[in-house]
Amino acid sequence: SAAMPAFDRVQREFAPVFNDARLNRRSVRVAAARFVASGASDAAASADDAARQGAYHFMNHADCTAETLLAAHRPALLDRCRAVPAILLAGDTTELPYVQRQEIAGMGVLSKARAQGLFGHVSYALTPDGLPLGVVDLLYLSRPKETIGKGNRAGRYAAPPAERESRKWAQTLDAAAALRR
């Protein structure tokens with residue numbers, strides 16, 4: 001099948017990091033489906049209802065966190081980084097909207113104050129020629145509604161520096177230092 005090469009590639013990419021063999025197998029199946037259908041919804045990326053339900057169970061599992069998935073990806077990323085003489089680390093922030101009528105606890109506002117969600121700040125390693133090496137770090141940010149707007153400058157800077165949205169740039173620098181080590 002067309003998905004099998006993706007499965008083999010993803011299996012080489014992700015080290016087993018869960019203390020559960022079933023979760024390790026599921027992580028590879030879910031990642032392979034996303035690899036084949038990048039940008040597709042969970043439902044569209046799944047081959048059938050059982051695969052979709054399995055992906056949902058995996059993503060909702062208490063042990064399935066961004067940190068755990070990055071840890072699975074890290075050995076292959078470090079191997080690629082060791083193989084090149086120079087590495088660039090780019091930081092980029094994207095909106096992760098949660099489209100629901102009711103408010104969700106822990107969600108902040110996005111660029112439009114009526115949209116709720118999170119911001120994901122990704123630190124990504126690449127060669128000077130632009131060849132992607134992988135994700136080094138990920139930070140989720142929630143923007144409080146009271147900090148939005150021109151008249152709320154004081155609200156944006158009232159938080160300690162370690163809690164401000166701008167900490168994402170320091171975290172990218174920390175990720176670069178850790179990668180260098």
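This is a predicted model: local features need pLDDT of at least 70, side-chain atom pairs count only at pLDDT 80 or more; totals for chains, interfaces and linings use all residues.
**Exercise 1.** Find which residues form the aromatic pair, classify its geometry, and state which parts of the chain it ties together.

*Solution.* Step one is the search: over the whole structure it returns one aromatic pair. The partners are phenylalanine 18 and phenylalanine 58, with 5.9 Å from centre to centre and 85 degrees between the planes. Planes over 60 degrees apart count as edge-to-face, and the pair of phenylalanine 18 and phenylalanine 58 is of that kind.

Step two is location. Phenylalanine 18 sits in the loop between α1 (3–13) and α2 (21–36), while phenylalanine 58 belongs to helix α4 (residues 49–59), so the contact links parts 40 residues apart in sequence.

**Exercise 2.** Describe the largest pocket: how much space lies in it, which elements supply its lining, and what classes of residue line it?

*Solution.* Begin with the volume, about 1500 Å³. Next, count the lining: 33 residues, with Phe14, Ala31, Arg34, Leu69 and Val135 nearest the centre of the pocket.

Then assign the lining to elements. At least two residues each come from α1, α2, α4, α5 (66–82), β1 (88–97), β3 (116–126) and β4 (132–141). The largest share is that of β4, with six residues.

Last, sort by class: 23 lining residues are nonpolar, five are polar and five are charged.

Note on methods: Residues are numbered from 1 along each chain as its sequence is written. Side-chain values use heavy atoms; hydrogens and water are left out. Rings of Phe, Tyr and Trp (its six-membered ring) pair if their centres lie within 6.5 Å; planes under 30 degrees apart count as stacked, over 60 as edge-to-face and the rest as tilted. Helices (H or I, at least four residues) and strands (E, at least two) are DSSP runs, numbered from the N terminus. On a 1 Å grid over the protein atoms alone, a cavity is a set of points where a 1.4 Å probe fits but cannot get out, and a pocket is an open set with protein on both sides within 12 Å along at least five of seven lines; lining residues have an atom within 4 Å of a point. Grid points are joined across faces, edges and corners, and a volume is the space filled by probe spheres set on the points. Ala, Val, Leu, Ile, Met, Phe, Trp, Tyr, Cys and Pro count as nonpolar, Asp, Glu, Lys and Arg as charged, and the others, Gly among them, as polar.
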